[in-house]
Amino acid sequence: MSQPQAAPTEAAVFDALRAVRDPDLHRDIVELGFVKDLRICGGNVAFAIELTTPACPVKDLMQSQAEAAVRKLPGVEEVTVTMTAQVTASRPLLGDKGMIPGVKNVIAVSSGKGGVGKSTVAVNLACALAQSGARVGILDADVYGPNVPLMLGLTGQPGVENKKIVPFERHGLQVMSMALLVAEDQPVIWRGPMLHSAVRQFLFDVAWNDLDYLVVDLPPGTGDAQLSLSQQAHLMGAIIVTTPQDVSVLDVRKAIRMFQTVNVPILGVVENMAWFTPPGSTERYHLFGEGGGARIEKEFGVPLLGQVPIEIPVREGGDRGQPIVVADPTSAAAQALAGVAGKVAQRVSVLNAQ
Ligand SMILES: Nc1ncnc2c1ncn2[C@@H]1O[C@H](COP(=O)(O)OP(=O)(O)OP(=O)(O)O)[C@@H](O)[C@H]1O
Ligand SMILES: [Mg+2]
């Protein structure tokens, strides 16, 4: 009769888990300190892996690798791996100037040209990050044409508590927009100092509650509002949205240079309206040309975070307050946008680790 196997030791489990590497941070999960709460009870082994973002695209892969590595150990009968995350915060090199209270990472969504789908990308990026389990807010800083509330189906006036503006809650997001502070149908004509103080109030007077990511939808171009934001707040990074055609790509250059001048890392470029596939077909029609994102990637060395096709439900969802990643998560556009969210979260983790 064979003897029952002795229970595995903690050291043996940790040793086995060294085989699992974080593909972005290029180190193993033990060295990175990601393995937590190891409990061994006879042949039952349970532990948690704490990643730096819940939106990690390789989360499932790492979980199954960890499980398989420990299962191989002699004496192991059952393995339970819990995946958790603690998002790292982006900090300025010195002090904490520009840190927004309650926010770990501010991500600006920008574009050279108007109408390329910045707000659509910002809203869906925020929703996709929230769907992964992260705590996410969206700030509509487009003082000239704020339309995030419409895209999220929000109306009304925000409340005030302890002299701070209380953000709205929608689709799991904390939301604030200039549109919710000014009367509807009132054009906003702000210049210089007024704009500066409006942005400031927006950034620092909202009671953001413990956010991993605050996505900021900027007005198009490289004007006062963009500069004002990057001077006043510590931005973790910027995403630039473009369409594939040359005129749009030209404007991207300006946007990239602006963020580089103010030392804000470019997280990458999203190519929106990349192609159109008619219903029932698999053909891709490149209505706005092809390869703009790839050209930017090559010229500036900034990653292409994703290509989002044109889909009528994207616009419809935007118009009735149901972002496509919520309304139809399996559509090609939603999948592309969720992919963008995963890549953004990865880039934030990697840059914060450096
Ligand atoms: N991939 C897409 N498929 C279909 N429609 C889209 C797509 N992306 C954006 N749209 C639509 O195009 C219009 C412009 O998009 P959006 O408002 O997001 O652009 P923007 O860059 O924020 O514009 P602005 O410069 O005015 O702020 C909207 O009606 C939106 O619903
Ligand atoms: Mg917009």
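Four elements each give at least two residues to the shell around ligand 1: helix H3, residues 118-131, strand S14, residues 266-276, strand S15, residues 304-310, and helix H9, residues 312-319. Before going on, this is a predicted model. The shell has 21 residues, and those that come nearest to ligand 1 are Gly114, Gly117, Lys118, Ser119 and Thr120. Sorted by class, the shell holds seven nonpolar, 10 polar and four charged residues.

Next, the sheet. Eight strands make an open sheet, in the order S10-S11-S7-S12-S6-S13-S14-S15, and the pairing is mixed. The edges are S10, residues 168-170, and S15; each has a single partner strand, so one side of each has no neighbour in the sheet. On average, neighbouring strands here are turned by 25 degrees against each other, with direction ignored.

Within that order, strand S6, residues 103-111, runs parallel to strand S13, residues 237-242, and five bridges join them. In this pair, Ser110 is opposite Ile240 of S13. Helix H8, residues 292-300, packs on the sheet and touches S13, S14 and S15. The direction of H8 makes about 160 degrees with that of S14.

Now to the other end of the order, and strand S11, residues 173-177. How many residues of S11 are buried? Five of the five, so S11 is largely enclosed by the rest of the structure. In a regular strand, side chains alternate between the two faces of the sheet. In S11, Leu173, Val175 and Ser177 point one way, while Gln174 and Met176 point the other way, and all are buried.

S11 pairs with strand S7, residues 136-140, in the parallel sense, over five bridges. Val136 has Leu173 as its bridge partner in S11. With S10 the sense is antiparallel, and three bridges join S10 to S11. Here Phe168 has Val175 as its bridge partner. S10 and S11 form a hairpin with two residues between them, and in the turn His171 has a positive phi of about 45 degrees.

There are other positive phi values to go through. His26, which is not a glycine, has a phi near 55 degrees. His26 sits in the loop between strand S1, residues 21-22, and strand S2, residues 27-28. Is His26 buried or exposed? His26 counts as exposed, because it has 10 C-beta neighbours inside 10 Å. Asp37 is also not a glycine, and its phi is positive at about 50 degrees. Asp37, however, is found in a strand, S3. Asp37 is exposed, with 11 other C-beta atoms within 10 Å.

S3 comes up again with helix H1, residues 10-17. In H1, Val13, Ala16 and Leu17 are buried. These residues cover an arc of only 100 degrees around the axis, which means they lie on the same side of H1. The cover over the buried residues of H1 includes strand S3, residues 35-41, strand S4, residues 44-51, and helix H2, residues 59-71.

Last, one loop residue. Where is Tyr285? Tyr285 is in the loop between S14 and H8. Tyr285 is exposed, with 12 other C-beta atoms within 10 Å. If neighbours within four places in sequence are left aside, Tyr285 is in contact with Trp275 and Phe276. Tyr285 and Pro309 are 24 residues apart in sequence, and their C-alpha atoms are 9.7 Å apart in space.

Definitions and conventions: Residues are numbered from 1 along each chain as its sequence is written. Chains are lettered from A and ligands numbered from 1 in the order in which they are written. This is a predicted model: local features need pLDDT of at least 70, side-chain atom pairs count only at pLDDT 80 or more; totals for chains, interfaces and linings use all residues. A residue is near a molecule or strand if its C-beta atom, placed from the backbone, lies within 6 Å of it. Ala, Val, Leu, Ile, Met, Phe, Trp, Tyr, Cys and Pro count as nonpolar, Asp, Glu, Lys and Arg as charged, and the others, Gly among them, as polar. A residue is buried if 20 or more other C-beta atoms lie within 10 Å of its own, exposed if 12 or fewer, and partly exposed in between; C-beta atoms are placed from the backbone. The arc is that of the directions from the helix axis to the C-beta atoms. Two residues are in contact if their C-beta atoms, placed from the backbone, lie within 7 Å. Two strands pair if DSSP finds at least two bridges between them. Axes are lines fitted to C-alpha atoms, for helices over the stretch in contact, and angles run from 0 to 180 degrees between N-to-C directions.
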